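Here is a friendly tour of one structure, written for someone who likes to check side chains by eye. Keep the viewer open as you read.

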Amino acid sequence: MKERLESHYQGAKIEVYDLTGTQDHYEVFVESPVFAGMTRIQQHQHVMACFGPELKTGEVHALSIKTKIK
Amino acid sequence: MTTHERIDSILNQNKIVLFMKGTQQFPMCGFSARACAILQDIGVQFHDVNVLEDEEIRSGIKEYGNWPTIPQLYINKQLVGGSDIMMEMYQSGELQELLK
């Protein structure tokens with residue numbers, strides 16, 4: 001997860017927490033300049049798009065997102 | 001009417017809409033309950049849509065706003081977010097501003 005986010009958001013501050021220890025409930029924090037000018041929902045959609053396939057299959061069941069504009 | 005058109009018409013008729021599990025009187029999931037509590041605390045009237053009673057809307061709304069989870073808050077036909085975003089915006093005062 002972290003590697004994928006790091007390649008998507010270069011130079012961003014990224015934190016990933018496995019909330020349940022079962023690798024399907026995550027909380028991620030991304031602080032990146034990319035988010036400038038986006039609404040909160042757009043920022044979250046942007047991050048969520050990185051995990052589209054896993055969210056579709058249910059491999060990742062829950063993803064809690066926190067974003068910040070750098 | 002397609003599901004998309006049904007959602008359009010709900011949003012056209014109501015300024016503040018919460019798509020949720022259960023109703024505002026009786027939320028059926030913790031996240032939906034939290035979303036309702038935030039709106040009730042701000043003191044605004046809102047229209048609730050119980051997705052548990054409408055499978056078409058339940059799956060349709062996820063496509064509609066490109067957002068995979070419920071609850072979903074719409075203000076003036078714009079998707080604002082789920083309960084996490086609502087809580088963040090509530091704590092910073094942004095949500096109150098938006099609902100003025």
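In this predicted model, the side chains of A:R4 and A:E54 come together in a salt bridge, with 2.5 Å from N to O. The pair ties distant parts of the chain to each other: A:R4 belongs to helix α1 (residues 2-8) of chain A and A:E54 to helix α3 (residues 52-57) of chain A, 50 residues apart. A:R4 is partly exposed, at a relative accessible area of 30%, whereas A:E54 is buried, at 13%.

| Pair | Distance |
|---|---|
| A:R4 and A:E54 | 2.5 Å |
| A:R40 and B:E94 | 2.8 Å |
| B:R34 and B:D84 | 3.1 Å |

Next, take A:R40 and B:E94, whose side chains meet in a salt bridge. A:R40 sits in helix α2 (residues 40-49) of chain A and B:E94 in helix α5 (residues 94-98) of chain B, so this pair joins two chains. B:E94 counts as partly exposed, with 34% relative accessibility. A network of salt bridges links A:R40, B:E88 and B:E94.

Within chain B, B:R34 forms a salt bridge with B:D84. This pair, too, links distant parts of the chain, from helix α2 to helix α4 (residues 83-92) of chain B, 50 residues apart. B:R34 is partly exposed at 29% relative accessibility, and B:D84 is partly exposed at 30%.

Now for helix α1 of chain B. Which residues of this helix (residues 3-13) are buried? They are B:I7, B:I10 and B:L11. Viewed down the axis of α1(B), the buried residues fall within an arc of 95°, so they line one face of the helix. Their cover includes β1 (16-20), β2 (47-50), α3 (55-64) and β3 (72-75) of chain B. The face of α1(B) turned away from the buried side carries the exposed residues B:N12 and B:Q13.

B:C29 lies in the loop between β1 and α2 (30-42), and an unreviewed UniProt entry annotates B:C29 as "binding site". B:C29 counts as buried because its relative accessibility is 18%, under the 20% cut-off. B:L52 lies in the loop between β2 and α3 and counts as partly exposed at 39% relative accessibility. Together with B:F26 and B:M28, B:L52 forms a nonpolar patch on the surface, with about 330 Å² of accessible area in total.

Key
Residues numbered from 1 in each chain as written. Chains lettered and ligands numbered in written order. Predicted model: local features only at pLDDT ≥ 70, side-chain atom pairs only at ≥ 80, totals over all residues. Heavy atoms only, no water. Buried < 20%, exposed > 50% of the residue type's maximum accessible area, 1.4 Å probe, protein only. Helix = DSSP H or I, 4+ residues; strand = E, 2+ residues; numbered from the N terminus. Arc of directions from axis to C-beta. Contact = heavy atoms within 4.5 Å. UniProt positions renumbered as here; feature names shortened; annotations may be inferred. Patch = residues over 30% accessible without salt bridge, like charges linked within 9 Å, V, L, I, M, F, W, Y side chains within 5 Å. Areas by Shrake-Rupley, 256 points an atom, 1.4 Å probe, with all protein chains shown as cover. Salt bridge = Lys/Arg side-chain N within 4 Å of Asp/Glu carboxyl O.
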